Amino acid sequence: MSSSSAAPQPSPIAEASPLSLCAREPHVPADRLVAEMVPPPRFDSVRFGTYIPDPGQPSQSEAVQVLESFAAGLGGAHASGSGKPRRGLLGFGRAKAPKAPTGPRGVYLDGGYGVGKTHLLASLWHATPAEPSLKAFGTFVELTNLVGALGFQQTVQTLSGHRLLCIDEFELDDPGDTVLVSTLLGKLVDAGVALAATSNTLPGKLGEGRFAAADFLREIQGLSAHFRALRIDGEDYRHRGLPEAPAPFSDDQVTRAAYATEGASLDDFPRLLDHLAKVHPSRYGALTDDLKAVCLTGVAPVPDQSTALRLVVLADRLYDREVPVLASGLPFDRLFSEEMLNGGYRKKYFRAISRLTALARDARGLVTG
């Protein structure tokens, strides 16, 4: 479990007006998408040794042991060899192709919010004995965005030489993504790439409550065969002994803090939601480049599901980068309607509430009176 860094300290007099997310429309080249497939800044320094298992949850200690062994096993040659045909004895004929790996080629960390799944996934990435260019780490959304940017065949070619692909927050939001990712991972497994993923749902249950077409359920079952599932039990560490969501500040307090904090942005929440519709989610990370804090006025319930899902992606990128969020209006645990929280995407919405609440706590030191 990583600890949040200290919130940026407000300066007595800001050198310039606050930044605005609504004024940003970043364009991200495809090569940056690939180069940035590493653990986010929040998880730069995490390791298996910094994960503190809950003594009351033996599954946490077990997961660490399994993942340490899994990482150690990735230190040899790429499972598919060099990828080139090998010559036989004295250069004549062709040697037998290396045998395809048998059994699951990946591990799947299943558990609730805040039990340290991403910490463990990033620790696996760090512990795997391979150059960073041979390891990839990204969220499920970032992976599908990479396919959109490079095309399917180029994505397969780009990732096939990797030793390990880590996928965080594995979600199947629509039938198209189900088929896309199932096919992609199948080809990567055939190429010898090891897989690791986190999710809040067991592999065999992915998509449950969202769509029930038999064809897509078959795709999900085939995908689950690539992973050994590890259940990680425990409480959300972000909420242990802490209040649910801090009370919002006033518009004036948020505005003054934005002007007093170097590198802070200031936006009206409804206007920001409108702006997110104009920026592809693959660019939300770039949208937050160099931000030290996000200040929002007029936080209100999210009006529809499409907008809510975009906000979830932004919340993930802010959390990854440990950007405090100071807000006025409603507390973050009232962002989503009861219908949303009881629907097929409820896991995403609860994750967003958990993360935004943590960032709101980090931001309280920005208000000085």
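Select the three strands β6, β7 and β8: they form an open sheet in the order β6-β7-β8, with parallel pairing. Strands pair if DSSP finds at least two bridges between them; strands themselves are DSSP runs (E, at least two residues), helices are runs of H or I of at least four residues, and both are numbered from the N terminus. The edge strands are β6 (264-268) and β8 (325-329), each pairing on one side only. On average, neighbouring strands of this sheet are turned by 15° against each other, direction ignored.

The model is predicted: local features need pLDDT of at least 70, side-chain atom pairs count only at pLDDT 80 or more, and totals for chains, interfaces and linings use all residues. Residues are numbered from 1 along each chain as its sequence is written, and side-chain values use heavy atoms, with hydrogens and water left out.

Next, show β6 together with β7 (residues 293-299), which pair in the parallel sense over five bridges. Which residue in β7 is the bridge partner of Asp 267? The partner is Leu 296.

Move to Leu 335 and Phe 336. Of the 39 residues in the largest nonpolar core, these two touch the most other members. Such a core is a set of buried (under 20% relative accessible area, 1.4 Å probe, protein chains only) Ala, Val, Leu, Ile, Met, Phe, Trp, Tyr and Cys residues joined through side-chain atoms within 4.5 Å. The largest share of this core, eight residues, comes from α11. Leaving aside neighbours within four places in sequence, Leu 335 is in contact (heavy atoms within 4.5 Å) with residues including Phe 269, Val 299 and Leu 356.

Last, find His 226, in the loop between α7 (214-224) and β5 (227-232). Is His 226 buried or exposed? His 226 is buried, because its relative accessible area is 19%. Its contacts beyond four places in sequence include Leu 185, Gly 186 and Val 189.

How values were computed:
Buried means under 20% relative accessible area, exposed over 50%, partly exposed in between (1.4 Å probe, protein chains only). Axes are lines fitted to C-alpha atoms, for helices over the stretch in contact, and angles run from 0 to 180 degrees between N-to-C directions.
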